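Please walk me through this structure in running text, from its strands to its cores and then to a few single residues.

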Amino acid sequence: MIRRLKYNEIDFVKYSQCLHLSKQRKYSATKDFLDITTQKQWEVLVYNDYEAVMPIPFVRKYGVKIVHNPKLCQQLGVFSTSDDVNLNEKFLAFLEGHYLIRAYPFNDSNELRSTFRIKKNFLIYPDIYEAVYARYSPKRKRKLRLDEEVLNHSEIKSVSYDEVKSFIETHIIGLSKESDLSGFLELYETFYRLKYLNFLAFYYQGKIINAIATYSDCDMVALLGNFSDKEYVKLSGASVLIDHVIKETIETNIFDFEGGDIPNIEEFFRGFRPELKPYGMIEHSKKDLFKKLGSLMVKGRIF
């Protein structure tokens with residue numbers, strides 16, 4: 001039986017244990033990650049006694065609860081010890097029958113008969129670094145061979161949030177509105193203070209020209225930010241930083257590129273020869289939401 005639990009009804013010990021033992025384990029479904037990215041606006045669908053769980057983040061618009069994926073959260077979906085397409089479909093039916101859904105992602109291990117928009121993501125699985133590096137494309141290997149002048153005037157440094165904040169503010173891209181910047185910065189700072197997020201910077205001639213933000217949890221290292229000064233793109237600082245993190249962590253952690261739908265970003269990621277791991281995303285327009293709202297209200301299913 002699937003039941004819906006509000007935040008204050010969740011047994012977080014059982015929830016965390018289910019997530020830890022799940023085949024689909026993702027850092028983005030942990031309590032800490034969801035608490036911070038949603039400001040505790042999430043609940044969970046539970047199968048029997050936490051045999052499977054499905055976290056549901058939401059926002060409120062005009063008093064109506066709408067399922068919406070929070071910033072920096074790529075994948076959620078169903079978590080269980082073995083992935084079961086029939087159980088996944090039951091969770092999906094419950095979700096669609098009781099909620100207004102703007103955007104909700106499943107994860108790359110969830111098998112479904114239903115079809116949704118498929119999004120791309122790339123992973124490198126644990127291995128010895130030498131074997132991982134050997135698989136890099138010839139172009140990526142060339143990019144990592146810095147010339148002598150660059151080597152003599154550059155360095156890689158772990159930096160604090162305060163040290164990299166202004167660089168991120170100047171070079172973050174892809175935001176639809178100015179208010180999004182403060183939201184992302186707040187998340188980065190909070191995760192950094194809690195020691196989940198690390199910042200690595202590439203310095204050239206004494207100033208930062210590239211920086212990356214990586215999130216570590218659940219035996220994964222995820223690329224949650226890649227920031228570059230376009231004037232120095234030919235120096236390949238982003239490639240050097242990502243390779244550095246892979247070298248330091250890949251023997252024991254999955255490296256998660258966190259994306260790949262934009263063509264030039266996909267091309268960049270593919271140079272590291274990761275595995276393509278697509279996942280499904282439910283998406284509905286605002287017009288569709290208004291239609292669905294009336295239907296759910298008639299059925300008395302709006303939570």
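Lysine 119 stands opposite tyrosine 279 of strand β16 in this predicted model. The strands concerned are β8 and β16, the latter covering residues 279–283, and they pair in the antiparallel sense over three bridges. This pair belongs to an open sheet of three strands, ordered β7-β16-β8, with antiparallel pairing. The edges are taken by β7 (103–105) and β8 (117–119); each has a single partner strand, so one side of each is left without a neighbour in the sheet. From one strand to the next, the twist averages 30 degrees.

A further antiparallel pairing involves strand β3 (residues 52–61) and strand β4 (residues 64–67), which are joined by four bridges. Within that pairing, lysine 61 stands opposite valine 64 in β4. The two strands form a hairpin with two residues between them, and tyrosine 62 in the turn has a positive phi of about 55 degrees. Strand β4 also pairs with strand β6 (residues 100–101), here in the parallel sense and over two bridges. Valine 67 has isoleucine 101 of β6 as its bridge partner.

Which residues of helix α7 (residues 161–171) are buried? They are Tyr161, Val164, Phe167, Ile168 and His171. Because these residues cover an arc of only 130 degrees around the axis, they lie on the same side of α7. The face of α7 turned away from that buried side carries Asp162 and Thr170, which are exposed.

Next come the nonpolar cores. The largest of them has 66 residues, and the members with the most contacts inside it are Tyr15, Met54, Leu95, Tyr104, Tyr188, Phe191 and Phe199. Helix α8 (residues 178–193) gives the most to this core, contributing six residues. Apart from this core lies another, of 29 residues, which includes Phe122, Phe202, Ile242 and Phe269. Returning to phenylalanine 199, what does this residue touch, leaving out residues up to four places away in sequence? Its contacts include Tyr161, Val164 and Ile168, which are among the buried residues of α7. Phenylalanine 199 also touches Tyr188, another of the residues with the most contacts inside the largest core.

Is aspartate 35 buried or exposed? Aspartate 35 is placed in helix α2 (residues 31–38), and its relative accessible area is 10%; because buried means under 20%, aspartate 35 counts as buried. Its side chain makes a polar contact of 2.9 Å with the side chain of tryptophan 42. Leaving out residues up to four places away in sequence, aspartate 35 touches Tyr7, Lys40 and Trp42.

Asparagine 8 is found in the loop between β1 (2–5) and α1 (12–21). Its relative accessibility is 68%, and because the limit for exposed is over 50%, asparagine 8 counts as exposed. Between asparagine 8 and lysine 247 there are 239 residues of separation in sequence and 41 Å in space, C-alpha to C-alpha.

Key:
Residues numbered from 1 in each chain as written. Predicted model: local features only at pLDDT ≥ 70, side-chain atom pairs only at ≥ 80, totals over all residues. Heavy atoms only, no water. Buried < 20%, exposed > 50% of the residue type's maximum accessible area, 1.4 Å probe, protein only. Polar contact = N/O pair within 3.5 Å; in protein donor to acceptor, adjacent residues only side chain to side chain. Contact = heavy atoms within 4.5 Å. Arc of directions from axis to C-beta. Pairing = 2+ DSSP bridges. Axes fitted to C-alpha atoms, helices over the stretch in contact; angles between N-to-C directions. Core = buried A, V, L, I, M, F, W, Y, C linked by side-chain atoms within 4.5 Å.
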